[in-house]
Amino acid sequence: MTKKPLLFGLSLIAAAGLGYAAGNAKDGAMTAAGELEWAEVRPDSPLKLVVLLGDRSKGEYAMLLKMPSGFVAPIHAHTGDYHGMNLTGTWRHSFDGGAERDLPPGSYVFQPGMGMHGDACVGPEDCILFIHQYVKGDFIPKQ
């Protein structure tokens with residue numbers, strides 16, 4: 001698959017999710033980026049999210065995750081696999097024990113469940129990631 005069709009397809013998925021975030025109107029829905037309602041991942045967290053599909057606390061969901069420039073997450077895992085795509089900024093991802101890789105917008109990550117990994121947002125721009133999991137969201141720090 002070439003880069004342009006892949007990016008086009010992922011853009012359509014993200015656009016569909018944004019329509020879901022605006023509501024499940026019978027005739028569809030649209031939400032401009034500036035109208036998204038970002039919520040804290042938890043109180044006092046620098047991470048923000050917009051749930052696009054499902055319920056992150058119960059099961060399958062898709063979300064936009066905003067990491068501020070300079071944010072570095074400790075090595076951690078999630079119970080289930082996740083699929084992620086970088087929409088803005090430079091996302092630095094690493095598999096535990098492996099090399100870090102800086103991923104520009106349009107980049108994709110498949111992170112296997114229970115796989116330890118690290119995330120950061122490098123460069124001057126905040127990172128916005130599209131994340132999808134078939135299971136509820138969680139955060140398991142490395143011991």
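Q: What share of the contacts with a separation of 6 or more joins residues 24 or more positions apart?
A: Those pairs account for 65% of such contacts in the protein. A contact means heavy atoms within 4.5 Å. Keep in mind that this is a predicted model, where local features need pLDDT of at least 70, side-chain atom pairs count only at pLDDT 80 or more, and totals for chains, interfaces and linings use all residues. Residues are numbered from 1 along each chain as its sequence is written, and side-chain values use heavy atoms, with hydrogens and water left out.

Q: Next up, the inside. Which residues have the most contacts inside the largest nonpolar core?
A: Met-63, Leu-65, Met-67, Trp-91, Leu-129 and Ile-131, in a core of 16 residues. Strand 3 (61-67) and strand 10 (127-133) are the elements that give it two or more residues. Strand 3 has the largest share, with four residues. A nonpolar core is a set of buried Ala, Val, Leu, Ile, Met, Phe, Trp, Tyr and Cys residues joined through side-chain atoms within 4.5 Å.

Q: What does Met-63 touch?
A: If you skip residues up to four places away in sequence, Met-63 touches Leu-49, Val-50, Val-51, Leu-52, Arg-56, Leu-129, Phe-130 and Ile-131. There's also a second, separate core of eight residues, and Val-50 and Phe-130 are among them.

Q: Switching topic: how many salt bridges does the count come to?
A: Five. The rule asks for a side-chain nitrogen of Lys or Arg within 4 Å of a carboxyl oxygen of Asp or Glu.

Q: Which residues are linked in a network of salt bridges?
A: Arg-92, Glu-100 and Asp-102. In the bridge between Glu-100 and Arg-92, the closest N and O atoms are 3.9 Å apart. Glu-100 is exposed at 56% relative accessibility, while Arg-92 is partly exposed at 25%.

Q: Where do Asp-96 and Lys-142 lie?
A: Asp-96 is in the loop between strand 6 and strand 7, and Lys-142 is in the segment after strand 11 (140-141), so this pair ties together parts 46 residues apart in sequence. They form a salt bridge too, and its closest N and O atoms are 2.8 Å apart. Asp-96 is partly exposed at 36%, and Lys-142 is also partly exposed, at 45%.

Q: What about Gly-97, buried or exposed?
A: Gly-97 is exposed, with a relative accessible area of 82%. You'll find Gly-97 in the loop between strand 6 (90-95) and strand 7 (100-103). Its C-alpha atom is 8.4 Å from that of His-117, 20 residues apart along the chain.

Q: What polar contact does the side chain of Asp-119 make with Trp-91?
A: One of 2.9 Å, side chain to side chain. Another, of 2.6 Å, joins the side chains of Asp-119 and His-93. A polar contact is a pair of N or O atoms within 3.5 Å; within protein, one must be able to donate a hydrogen and the other to accept it, and residues adjacent in sequence count only if both atoms are side-chain atoms.

Q: His-93, buried or exposed?
A: His-93 is buried, at 4% relative accessible area, and lies in strand 6. Its side chain also makes a polar contact of 2.8 Å with the side chain of Gln-111.

Technical notes:
Buried < 20%, exposed > 50% of the residue type's maximum accessible area, 1.4 Å probe, protein only.
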